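Thanks for coming. Please have the model open.

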Amino acid sequence: MNNTIIIDKILIHMLDLEHSKIIYSDTFINLTEGTTEYYDKKIEKCLENSGIKELVTGSEHHLLQAGKKMIESNEAFKEESIKITQDLFDLCTKIEEMPNANLMFVELKVDGKKFVLIIKLNYKTMPMSLIEENDGIRSIRFINQQILPNKTTAVEEAIIINVEDNILSIIEKPGYYLNEQYIKGEPKLTDKQKMSIVNKVVKKVDSEYNVVEGDPLPLVKKELVDLVMDHRPVKPMELAKKVMGNDYNATEEVELIMRDLGIEEDDEIVNVPVSLDRMSRCKLVLDDDRIIELNVEDYLEGVDIVKEMDEGGMT
């Protein structure tokens, strides 16, 4: 993701579920340059998440309306953030063993478009060392301490409101409460699911038509790398068809299966769920279970690879 992101404001409220209360913040975070590394990283982790799920909702959905109000003024932003915090608190108190959390409300622009993010930062329990001294006697013991997630860890839960295009998306754990019990939208496929479908469909169709010599997945990786390096859109239907080459029947079968699975010609993968480094390499599992890792291009072009069959039929 190479978007231009400008953060306009950040406000944080806390869900203290341990003591059944909400702690509201009255002031916005100071966005002085050099002091916002944690916030910047969590926003980046949110927007780059390949598990972002766009939801189909009515145009008058309460969260879409809230997003529009929030960008009107600081006071409106605070008022709507309090309402949403209360809603989520009421929901979370009904779920057993829900950890304390901070709700980070962010107004920002992504490539000039206004967004409102609601990032739920769930506290983690970590053992901490406690040193105590009583009457000259020192003791050291471990206690459990609740801390915020590391800045580099993936965002587990978030609501993403694209105010400009009236689009509502979420990040949530599989089968969790956020959409099912609160938002109640119809989920679309995530980028991760789209990529998984490409791999499965290509493998299935190739097993029937034998278009690619050997495993077709390294070819998927190569095409994916080329698209990312050239800054071209990654369209799952187009990608799968290209791997099938000029085989008419295979490309027709790819299109039929992918449409059945909910993928259309114009669908895109915005956040590719694999790093460029991993896309550039592949692993060969040999007949004796040894694994060789090599560059995808080398594998596809046969560089430094010779395949021979021994008397026992092993390659």
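A polar contact here is a pair of N or O atoms within 3.5 Å; within protein, one must be able to donate a hydrogen and the other to accept it, and residues adjacent in sequence count only if both atoms are side-chain atoms. By that criterion, the side chains of His13 and Ser81 are joined by a polar contact of 2.9 Å. The His13 side chain also reaches the backbone nitrogen of Ser25, at 3.1 Å.

Some bookkeeping. The model is predicted, so local features need pLDDT of at least 70 and side-chain atom pairs count only at pLDDT 80 or more, while totals for chains, interfaces and linings use all residues. Residues are numbered from 1 along each chain as its sequence is written, and side-chain values use heavy atoms, with hydrogens and water left out.

Where is His13 placed? His13 lies in strand β1, residues 5-16 (strands are DSSP E runs of at least two residues, helices H or I runs of at least four, numbered from the N terminus). His13 is buried, at 1% relative accessible area (buried is under 20%, exposed over 50%, partly exposed in between, with a 1.4 Å probe and protein chains only).

Now the helices. The axes of α5, residues 191-209, and α7, residues 236-243, come within 10 Å and cross at roughly 25 degrees. Axes are lines fitted to C-alpha atoms, for helices over the stretch in contact, and angles run from 0 to 180 degrees between N-to-C directions. The two helices α5 and α7 are therefore roughly parallel, a label for angles under 35 degrees.

Note on methods
Angles under 35 degrees count as roughly parallel, over 145 as roughly antiparallel, 65 to 115 as roughly perpendicular and the rest as oblique.
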